[in-house]
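Let's walk through this model together, one part at a time. Please have the sequence and the 3D view open as you read.

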Amino acid sequence: MDRRQFFVTSATAGAAVLGIKRSHAASEKEKQEFVGVLCDTTRCIGCRSCEVACSVTNGNYVPDVKNDNALEKVRDTSDKQYTVVNRFKTAKGEVFVKRQCMHCWQAACVAMCLVNAMHKNKEGPVTWDGDKCLGCRFCMVSCPFDIPKAEYHSWNPRIMKCTMCYERLQAGKKPACVEACPTDTLMFGPKRELMEIARHRVYSHPDKYVRKIYGEHEAGGTGWLYLSAVPFEQLGFRTDLGTSPYPEYTKQFLVSVPLILFGVPALLLGLHELSDRKEELKAGEWAKPEAENE
Amino acid sequence: MNNTAVATSEFSRVFRFVLQELKPRGKWLTPFNVISIPVILAGLVILYFRFVYGLGSVTNLNQYYPLGIWIGFDVVTGVALAGGAYVITFVVYVMRMEKYHSIVRVTVLNGLLAYIFYAGALTLDLGRPWHIINPVIGNSFGYNSVLFLVSWHFLLYMITMAVEFSPVVAEWAKLEKVRKFLTRLTLGAVIFGITLSILHQSGLGALFLMAKPKIHPLWYSEFIPILFFVSSIYAGLSMIVFEGTISHKVFKNLIGGHDGHQYEEIILGLAKGAAITMFVYYFFQALLFVHEKRWELITDFWGYWYLLEVIGLVLIPCCMFAYAVRHRKIGLIKVASVLALLGIVLNRLNVTVIAFRWYDVSKYYPSWEEIVVTLMVVFTEIWVFRWIVTRMPVFEKK
C-alpha cells in the first residue's frame, strides 16, 4: 500500500464512519457529465449510414440501404434494428429524422424496472442487463417514446434498444452512428456542450430553425437532442409528453407507501382493541357465538 | 415411545391421509368436467408452444401493446376480484362482526387461490420467468420501482393468506396442536394482510402512472391508485355474493341444511357495504371528471364507452344494491353484483388494454390461444377449489 492509497482508504473509512460517505459519492458523481448526441435534422441527407453502422456494431439485422426502399414508409425501431431513419415531406422539403432511444435523464424504463435490469449508467447511456431481466415488459409500457422492443419470437427474449454504444464509449470511442455520419448531422459530447452548440445554431440562424431544441426538456430532458427547420409534430415527434421526469409520476405513490405500511397496522390494531371494548359493553345483548377466535 | 418416534408416526399418518385424499371423488362426467378438461389440455399444449417458440407464437402482443389479457384480465382484474379476502377478514377479525364469521374460510380460500392462480399467471406472461426470483434474492433491488413493491406484496400477501387459511388445513389433517398454534397467528396475519392489500391493490394502478401519454385521459389520472383501491373493496364484496350464489347451488350438500335466514342477512350486509363503497367510488370519479374538465371528451366513442363503465356499471348497480337492501330483494342483489363485477373487469381492461394507446390504428385483440389459456387458469383454480372444499372444513358446519 503506497501513501496515496493509504490516504484514500483511511479517508473513505473515516467518511463512512462519520456518515458522510454518501455526500462524498454524490459530489464525485457530479463531476461525471452525462453525454448525449445532437441531431441536426437540417443536415441529414437520409443516407442511412447510421442504420448500417449501428446494426453492424450491435450484431443486428443490417438493412440493404441501396435496394430496400425503406424510406417509402415511416418505420419504427424494432427488435432487429436499434435505429431507423425516416423521411417526412414538409413545407420546407424532405426532412430525414433518425430515431433511437432518447436516453432520458431520469428514464421511465429505469424507474419502472424492479430488478435494475434497465440501468442509467453514470456516463448517461441507458442499458439493459439480460441476466436480471424478468421480461415483464413494463419498461415498454412506461417509455414515453415507445423505444424498448421485445423479441416475441424467442424462448429467451431480449429487450432490444439503443445502448448509445456503451462499450465503444468505454473504449473512448464515439457511438457507431455518430462516427458513420458523413454530414455532421450527429454530434457526440456532454449534453451541456451540445446545448450550447444547439442554441448557437438556433440563435444565429433564426430563419433556418424553429426555436426549439427537442430533448432539452421533454420528459425531463433527454440525452439525444434534435434541431429542426419545421415544427417537431410534423416529424413524428410527440410534443405532448410534458417536461417532468417520468419517475415523478410515481413518486407520490412511493412516498405514501411507508405511511400506509406503518399507519394502517396501527389503526387496525387500535380498531381491534376498540371493537373488543364494544363487545364487552354489549356482552349482555348478544351471546358470543360458539366459533372460537379463528 | 420417544418424541421422534411420535413425530415420525404422526408424519406418516398425515402423509398416508393426504395420499388417500388426493383421489378424486364423485361423478366424473359432470358438465363442468366435460368443458374444463379439454380446455385445460388445450391450454397446456398452447403453453408448450409459448415456452418453446416465445410469446409471439401464441399471443397477439406486439411492440406497442406489451400487455395483453394475461396481465390485464388474469392479473390486474383477478387481483381486484380477490379483494374480498381482505375486506372480510377486516370485518370479522378487526371489527369483530361475528355475523360474517361463517363466510371467512371460503372467502380467504378464494382469495388465496385467486392470488396463486391469477398472480401466478404472471409467470406465463414473463419473457424470462426463470428470473422471477431476482427481485426476491436481492442481487438487484429496484427500490424506486412500483413493480418491485407490488411483486413483494404479492408474495408476502400469499404467505399471509396461507397462514390465515392454515388452521383449516391443520383441522383437516387432524393436527390439533398445530391448528391451535396457527390459530394464534391469525390476527397478526390479518392486519399485515390488510395493509399489504391496500398497498398492492393501489400499486397495480400505480404501475400505469408512467404510461400517462398512452392511456386515454378519461382513464388516466394521478389518482389511479386510489380508484383501484376503492373499487377493489366493492369488487371483493360483489365477488363474495356472486361466488356464494354459485357455491350454494353447486355445493348444496356440503353447505347442507343451513340457516337460510342467516345467509340472507349476510348477503344484505355485503350489499349494503358494496352500495356505500360504490357510491364513494362513483363520487370520486365524478369529482375527477369535473376537476379535470373532461366535458369535451365525452362526445366521441371513448366518451360513451367511459359513460357505459361509470354510469352503466357503477352508478346503476350501486343504486340497485341500495334499492335491494332497502326492500330485501336478494335476487336483485345478485344481478347487481354481476353488473358491478362486469364494471370492474371493464375498468381494469380499459386501463391496461382497451384505452391503452387509444389513438393507435392497429389495436390489440386477444388471440384465441390467449383466451384458452385464460380459461385454463380459471378452470384449474375451480378444480383446486372444488378439491379443497369437498375435503376440508371450509363451509360452515351444521
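Helices (H or I, at least four residues) and strands (E, at least two) are DSSP runs, numbered from the N terminus, and two strands pair if DSSP finds at least two bridges between them. Within this pairing, A:Leu38 stands opposite A:Met187 in S8(A). A word on the source: this is a predicted model, in which local features need pLDDT of at least 70 and side-chain atom pairs count only at pLDDT 80 or more, while totals for chains, interfaces and linings use all residues. Residues are numbered from 1 along each chain as its sequence is written, and chains are lettered from A and ligands numbered from 1 in the order in which they are written.

Now step back to the sheet. Its three strands form an open sheet with mixed pairing, in the order S8-S1-S9 of chain A. Strand S8 (186-190) and S9 of chain A are the edge strands, each pairing on one side only. On average, neighbouring strands of this sheet are turned by 25° against each other, direction ignored. H8(A) packs on the sheet and touches S1, S8 and S9 of chain A; the direction of H8(A) makes about 135° with that of S8(A). Axes here are lines fitted to C-alpha atoms, for helices over the stretch in contact, and angles run from 0 to 180 degrees between N-to-C directions. Contact means that the C-beta atoms of two residues, placed from the backbone, lie within 7 Å.

Follow the chain between helix H8 (191-204) and strand S9 (224-227) of chain A, and you find A:Ala219 in the loop. A:Ala219 has a positive phi of about 50° although it is not a glycine. Is A:Ala219 buried or exposed? A:Ala219 counts as buried because it has 25 C-beta neighbours inside 10 Å; the cut-offs are 20 or more other C-beta atoms within 10 Å for buried, 12 or fewer for exposed, and in between for partly exposed, with C-beta atoms placed from the backbone.

A:Asp146 is also not a glycine, yet has a positive phi of about 55°. You can find A:Asp146 in the loop between helix H5 (138-142) and strand S6 (149-150) of chain A. With 18 C-beta neighbours inside 10 Å, A:Asp146 counts as partly exposed.

Finally, turn to the partner chain: 53 residues of chain A are in contact with 50 residues of chain B. H9(A) gives the most to the chain A side, with 17 residues.
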